[in-house]
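Notebook open, structure loaded. I wanted to look up how the chains are built and how they meet.

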Amino acid sequence: MAVTLTPAGSTARRPRPARDRHHRGVSRWVVLALVTLGALVMLVPFAFMLLNAFKSPGDYSTGGPLSWPSEFYTKGLRTYWSEVDFPLKLWNSTLIAGSVAVLGVVVSLLNAYALGIGRVRGRLWIVGLFLLANMLPQEALIYPLYDAAKQVGLYNTRLAVIIIFTVIQSAFGTYLLASVLSTFPRSLLEAAALDGASRWTVLWRVVFPNLRPTLAVLLIFFFIWTWNEFLIPLVMLIDNSTQTIPVALASLQGDRLMDAPTTNAGSLISLVPAILFFLIFQRTLARGITAGAEK
Amino acid sequence: MGRIRRLVAAVALAATATTTIAACGGDEGGDGSDAKTLKLWHYESANSAMGVAWDRAIQIFKDEHPGVEVQFERKAFEQIQQNAGMIINSSEGPDIMEYNKGNATAGLLSSQGLLTDLTDEAEKRGWGDKLSPSLQTTARYDDKGVMGSGNWYGVPNYGEFVMVYYNKDLFDKYGVTVPTTLDEMTRAMDTFVGKGVTPLAEAGAEYPAGQLFYQLALSKADRAFVDDYQLYKNPVDFKADPLKYGAETFADWVRKGYVAKDAASLKAEDMGTAFISGKAPMIVSGSWWYGRFKDEIRFNWDSFLFPGNKLHAGSSGNLWVVPANSKAKSLAYDFIDITLRPEVQALIGNNGGVPVAADASQISDPKDKKLIENFNTVSQQDGLAFYPDWPVPGYYDVLVSGFQGLINGSRTPDQVLDAIAKPYADGVKEITGK
Amino acid sequence: MALPETVAGPRRPATPPETAVTRRPRRRGGRAGYWLYLLPGAVLFVLVIGAPLMGTVYFSLTKWSGVGDPTFIGLDNYRHLLEDEVFWTSFRNTLAMIVAMVVVPTLVGLVLAAVLFDVVGRRFRPRTAAALRAAFYLPQVLPVVVAGIVWGWILRPDGAFNGLLDAVGLGALRHDWLGDPKTALPSVMAVMIWVQIGYPVVVFMAALQRVDPELYEAAEVDGAGWFHRFRAITLAQIRPETFVVALTCTIAALKVFGPVFALTRGGPENATNVPSYFAYYTFFKKLQVGYGSAISTVLTLIIIVVAVVFIWMQNRSERQDRGV
């Protein structure tokens, strides 16, 4: 994420006084070292995953998870890949997480527009009410949602899962965006209103462009949070053709036996799209900020 | 190409199929004898004994029902376990599926009318002859959902039981012979402890600890006890033998170092890999490991029945059930019938599983043969005692919690027995008072 | 109430908070038009949350195994809940979860974000800061079940952590981290910190974007040290985000389920049992949907109360800030 150093439309930064750099010379390296050490510690479990993802089951059982594999074993992963039709599951997960991300952002934006800028009455309570969607433990929702979905004929469809998560994620989005929009510069809105712009135009021409960085953050969060969801897809998606990756990974764990190396390999692969998404939108975040600054 | 030949073959097969179906009396009011698809689900992995055998069964079924499409989906166990009720109660469920045996699963669903009554089919097709009475216990449930009597609601293809796996090389190294009584086993374990080796790998965080406790208790139990404990025939006193004996002996074994104290947080997988890696001389666990051990173990190993017991933890395997909403019931019955055929049963036996109705001569590997013979011995003598967590829904975690306490020494056997007695009593009251 | 500013709001010209752009609510006619924008959200909410919530409350007054028909039993479930030891233990454990998922990640996240932004981002390349941030955030991307497996490997009696202790000569501290009731909860807490830290770091780093550098420069010219600047400027400027992070982390802590399920299944002996796991277990293992619904309803009520208190405190702090 590029850090913008130029404040809005003002002059370039003055170079730091040389005195500071001498004084702080060593300490900044120490700090960097410490933080890097921390980051490496954070990554240790992933190293374990890598170590065990391409290990044969025999190796894993005999040598344990801490041992180096005797050969680069991909058969387990390849078998699993074709058996479970991993590309299809990948597509399902992407479809669901992507749809939820986009729809969640849209719904949050609409809600927040009314609450933050429109300042409708009782907005504090309304935000709280929406936030309720995030506060409910999911197990509480399962049976009623199952009944409702069955009645509407949406049981065992991806659409049901998309709708459910759009609501849950947009709770957080509404809260966040409403907060941001409540401090939106009135001058811009007044100017637009003077030009005769309707509320709708104001939303998309004035508000939206300024919110891009925040929206980018929401997109990332929503995508990643939905990607890893397990309980509700487990209940709602019965056919193998509609299932997502976490549910597919669960098939590696039987009643009493489990296949740890393949589970690791499968998880590592499932991490890739989520990470890609994060990296892509990280850059939009940065660009969005500098764009806003040069407004 | 052999178009004519294929046509003739198809006609012949169709004729066979039609007569078979007609003979089975597909007249249960439009039960789908003319159905064109069979939606079949199970959750065994493709390289497991059942997976291999059932793939073959599907192939046979397709050959015998040429006009029928088999929609087979392999599921995750967790999904079926958690949501079977929801799935079967909707229109999205399968026509036939694998499901867990026991009161809390098959029993519960059958008592709610969600499973088809298979009694007629079982009689017509002679399934009762292929399965020993011991195995039929888990196939039949009464109107309260309690196993042992009543209608047939499921059909098992395989069995499972708990035994002792041992590392022959380690036994030879320390001069230990295979024990035939519990005393001999204790002495064997003493030998290992004396040499600084923990004799028994255990797993306190999952089912193995509870199964060890149960095996110990069963060494002092009789069939009547099992009926009381599992079928609620009479109340069970947890403060009396055999359960008291089981808990106290378990604690004793921990004290003597037969079971490591830090096994409290280990999962079954950890215990299994400890054995596979050659570190553990013995484990007390079930036949479900057998196929994997065959694949992955590189040293000499074998198994023996828990010494001295007449009763062993074990039961029939998972059941084929036909949901009440099934649109292809007679096709489902045909499939079940195919799975009980000698050819399919032999496949189970030759791939590391325990078939219920196999012809011993068709089993090639002597180790496999021994496994199956051991099971048959137990099954014939009505020695299958099911599993300790079966009686009450959710009892599994209660047992895990209790026996973790015994392994890490934070609770006395008395306290553990108290802790596991109450949920049992509450649960049974729920069920029988229903 | 002016809801707090949060992540990277639009850049305003540098003005100290007191003389902010006028925020007098505009009393225009046609305010009603804004209600239309709430419509899609409201409809979805009622369908997906409102109605099911009512369903759950209804189920909490029944006895039901999940199949067949529920039997109405009134408040019996709640009466039973009050006497249920496990229930109270699970809430006690939640307090530990709050420490591990709110207090530590927020505090450490703040410092870490500031360090990454300030020291690493400014004095080294911004790319470095971004890479380090990604490393801290990565645990959030991992499915919780897999994290459970991997941490199981690390915390096992013969696992990596004990191995490490041996290697550095601290072998005497070897322990069965997840199997001993005394160390199980702290171990789970440590894993939770690992999982949770990335979230505040990302949010705070984005928030720091909008703090005007001129504030820092002015303070530096006045001779303020790094820590002093951190306290006086950074903390004050990003207080809104701090509230958001604290509230959302608290809600997550109250609802936490996945890691407990994956690591310890609530054991040993309920040492790590939490309300959400207890509810899940009651729903799906004990097949007591009524009782499970009662647990969930009480949990929801508690979460609502906590959230209300939070938002109220947030509101008050904002008003104090503006000198109202």
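I started with chain A and counted twelve helices and zero strands; helices are DSSP runs of H or I with at least four residues, strands runs of E with at least two, numbered from the N terminus. This is a predicted model, where local features need pLDDT of at least 70, side-chain atom pairs count only at pLDDT 80 or more, and totals for chains, interfaces and linings use all residues. Residues are numbered from 1 along each chain as its sequence is written, chains are lettered from A and ligands numbered from 1 in the order written, and side-chain values use heavy atoms, without hydrogens and water.

Next I checked burial: 59% of the 295 residues in chain A are buried (under 20% relative accessible area, 1.4 Å probe, protein chains only). Of the contacts (heavy atoms within 4.5 Å) in chain A between residues at least 6 apart in sequence, 75% join residues at least 24 apart.

Then the interface. I found 32 residues from chain A and 32 residues from chain B in the contact. On the chain A side, A:S61, A:R256 and A:L257 lose the most area to chain B, together 24% of what that side buries. α2(A) gives the most residues to that side, six.

Which strand does β7 (residues 159-167) of chain B pair with? My answer is β10(B), antiparallel over four bridges; pairing takes at least two DSSP bridges. B:Y166 has B:D302 as its bridge partner in β10(B). Both faces of β10(B) are covered, with B:W301 and B:S303 buried on one side and B:D302 and B:F304 buried on the other.

Conventions:
Buried < 20%, exposed > 50% of the residue type's maximum accessible area, 1.4 Å probe, protein only. Buried area = accessible area lost by both parts, 1.4 Å probe.
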